[in-house]
Protein chains: 2
Amino acid sequence: MLTATAGIFGFGLAGAGLQQPPQKATYKLFDSKVPSPQYASMGQMEAALEEIRRDIGTDGEDIISIDPEDLHAHGYSEWSSTNPDGLPVAVAYPRSTDQVSTIARICHKYRIPIIPYSGGSSLEGNFSAPYGGISVDFAYMDQIVQFNKDDMDIVVQPSIGWQDLNEQLAKMESGLFFPIDPGPSAKIGGMVGTNCSGTNAVKYGTMKDWVINLTVVLADATLKLAVVPEDLSVAVVTFPSIRDAASAAAEVMQTGVPVAAMEIMDEVQMKVVNLGGATAPRVWKEVPTLFFKFSGTKASVQEHISLVQRITKGHKGSNFEFAKDQREQKLLWSARKESLWSMLALRKDGEEVWSTDVAVPFSRLADIIEVSKKEMDDLGLFASILGHIGDGNFHESIIYNRKKKDEREKVEVCVKNMVKRALEMEGTCTGEHSIGWGKKESLLWEVGPETLAVMSAIKQALDPRWIMNPGKIMDLP
Amino acid sequence: MLTATAGIFGFGLAGAGLQQPPQKATYKLFDSKVPSPQYASMGQMEAALEEIRRDIGTDGEDIISIDPEDLHAHGYSEWSSTNPDGLPVAVAYPRSTDQVSTIARICHKYRIPIIPYSGGSSLEGNFSAPYGGISVDFAYMDQIVQFNKDDMDIVVQPSIGWQDLNEQLAKMESGLFFPIDPGPSAKIGGMVGTNCSGTNAVKYGTMKDWVINLTVVLADATLKLAVVPEDLSVAVVTFPSIRDAASAAAEVMQTGVPVAAMEIMDEVQMKVVNLGGATAPRVWKEVPTLFFKFSGTKASVQEHISLVQRITKGHKGSNFEFAKDQREQKLLWSARKESLWSMLALRKDGEEVWSTDVAVPFSRLADIIEVSKKEMDDLGLFASILGHIGDGNFHESIIYNRKKKDEREKVEVCVKNMVKRALEMEGTCTGEHSIGWGKKESLLWEVGPETLAVMSAIKQALDPRWIMNPGKIMDLP
């Protein structure tokens, strides 16, 4: 639920067609009795861009781009499960909170959709521009504004990446780090918008647990920081089946072992790691595998390792082994984190990757993973399962050719079935990728029309012209 | 911020004067341009009560009470910092979600304020009835609805107490517990409404981290559960000054020692514990003291204890000692938890306790506690400081006579100064007691009129007749 609602206030603003102007949006999810919002006409759109250039006090060359390649890069994503038609009509590159306010004020005046853009790594069309509008790219707002070491918090701009942030904290020898770790290219702004998690979620929770404060136009975010643990260890255990691996993971959680991270990969994903070569010369067994990260004081790390060894053995786990040094730890973990990129690298001409996630209660993890993997394998496509299983969350990634209608439809059915199965098990339609454009129907299945109407009422109270990233999460009721 | 917003959707419904009918509410915090809501007339109110009795299908004897003592008990609290004039005109005792829906539907139809009531232990007038209306007491809805051991979650009704819940989980030998521990009499419904914390917040976070789902009329709440830790230890350290104690606490947090709880008590509060006699025959030193709870595996508990010993020594901590057995651990902790009751027991005729809380970043803890204690001591009243210091949160409790105008005004100024000081230090006006009726002005100071207007817009979208606990957190803009 929070995954979805975080986005309401959040990150994601859309566009009003200079090139392909769909000025009259046709929102219709439920029977609509209120008139649809009308967005700016072509002429108004041009006037607005002029006004932004003038009010920001430059000739606008750096602030506003209407370069077609730029528009495409900001409205289409090759790793998104779905991409609506339509592109933004302009991309704005503000340098300050003031400039963001100016853009928002003028977009409000002219009724122009605004869509925020930070890392661009989201998977559900979160930054797409189905109704045109202005994409606001925060690329130039990537600084640390204020670091309060003693308070263990930090004020940052939205386009700082979580990895950059951690590198800077390490350079300052602060002993602190920001523990939320989604895809390597993700940035703070989008991480707020999707309430993302990552491998460390088992120990540290998700984005919502680490944001103290937001400036409303989302130029700054005050984040909490965690103390770097004294000791770290990474271990790997293999299993004869994905069900055994998932059952072992569930028992680790139910026993309350405070692992720092716990990831599942099926045999296909292990093959992808080997093919990617990131951990060469080491070659991993291509069987279902759990990855564990342990962190804390030295004694507690040892204790947690013994507990996990005992539990996994009870689920036919074998080959319990450790990354032998810090370098291997890092490589191993980065192999896991780059798995989507590794999959993308395996595509042949014309192929795409459909990557999506769900989450279920611990008691149903083994069931859903086993059934979903079987259905996915039956497609006869290259497909893998991996996930932040300590959070009840797992991802399916399928390589397919969107232009082959038959293939596309089969993949769509497979993904929808996975979502429906998760909901039947009292799970959620997305663990960490948020709703975006791609999972609006799934959200309706999950929460029902009444709750969606409540969410809509909240959005409308805050965004009466419905210009903040329209077309995402929910449509105008 | 979350402390405040949790209440918007939440718990807290108010009353429309059968006895003292203030039917036209005069909401005015800002210059009002919208007409104030109008609540039901006397006649409409009576009709509504009749309709509730009829639709719920009983003669209403058990469902609706208009007994004056009952109305007083549901509209006035002796431990609340402030109590507005006005009482509910009736108290409803629903037995099911359906009955709650019926009451809400009829109150909506007649524009009657509704105020929820569960444990009644809140401190900021949270369940008061400034505009009359119906108090909905969930006393008969105190059951566990469904326990999912393997998923580590539980569905409960709003009037189950957190202590009862834990006793039932212990009886079932589930190995699980619910870790949020506010005042002993608090119940789940109100705990959601105030987003409460408690001594375990350092390790387990606050209420918002443990609620998975709410039925919208708030009849059920699905809660997460935690695994009972293997080992537990409680320790006490004394300090020459409150500043030394607060500095030591801040360093424990900054070092990242994962203590399970860390509480501060000043010399006055230690005296209250001794006077209360709960830990007799043990008598505690009446000096500033930190209480620590350690939990986890045996080895990690030992490690954390050594770390804390080393840190507290560096801040002039001495007399580091442990509760010698489980009984003493429990007594010691319960002495801490019953401190408000112990204070109340010390009142003389006509006296009341003003108990309120703020929270600040770690780096300012020692400053604010030292200055606030000095100002409070200068009042010449019996006053103490204690708090969940691991959460940056502390409480002032002052015994005073409300009828002595001079005394009351001095206490008010002292409390307001503490809030203003916390805000200057980038803290928050309430750590865990929520805004309720008592801290509306403080919330305005903290977030400013724009943010309050946004919160109001959200409330109004969900509660257009402004009948859900009106007069709390914010007024109609």
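Trainee: What makes D231(B) and K298(B) a salt bridge?

Mentor: In this predicted model, the closest N and O atoms of D231(B) and K298(B) are 3.9 Å apart. The limit is 4 Å between a side-chain nitrogen of Lys or Arg and a carboxyl oxygen of Asp or Glu, so the pair qualifies.

Trainee: Why is this pair said to tie together separate parts of chain B?

Mentor: D231(B) belongs to strand 11 and K298(B) to helix 10, so the bridge ties together parts that are 67 residues apart in sequence.

Trainee: How do you know whether D231(B) is buried or exposed?

Mentor: Its relative accessibility is 18%. Buried means under 20%, so D231(B) counts as buried. K298(B), with 48%, is partly exposed, because exposed requires over 50%.

Trainee: Which salt bridges does K373(B) form?

Mentor: K373(B) pairs with E267(B), the closest N and O atoms being 3.2 Å apart, and with D377(B), at 3.4 Å. K373(B) is in helix 13 and E267(B) in helix 9, so that bridge ties together parts 106 residues apart in sequence. By contrast, K373(B) and D377(B) both lie in helix 13, 4 residues apart, about one turn of the helix.

Trainee: Why is the aromatic pair of W354(B) and Y400(B) called tilted?

Mentor: Their ring planes stand at 50°. Stacked requires under 30 degrees and edge-to-face over 60, so the pair is tilted. The ring centres are 6.0 Å apart, and both residues are buried.

Definitions and conventions: Residues numbered from 1 in each chain as written. Chains lettered and ligands numbered in written order. Predicted model: local features only at pLDDT ≥ 70, side-chain atom pairs only at ≥ 80, totals over all residues. Heavy atoms only, no water. Phe/Tyr/Trp six-rings, centres within 6.5 Å; stacked < 30°, edge-to-face > 60°. Buried < 20%, exposed > 50% of the residue type's maximum accessible area, 1.4 Å probe, protein only. Helix = DSSP H or I, 4+ residues; strand = E, 2+ residues; numbered from the N terminus.
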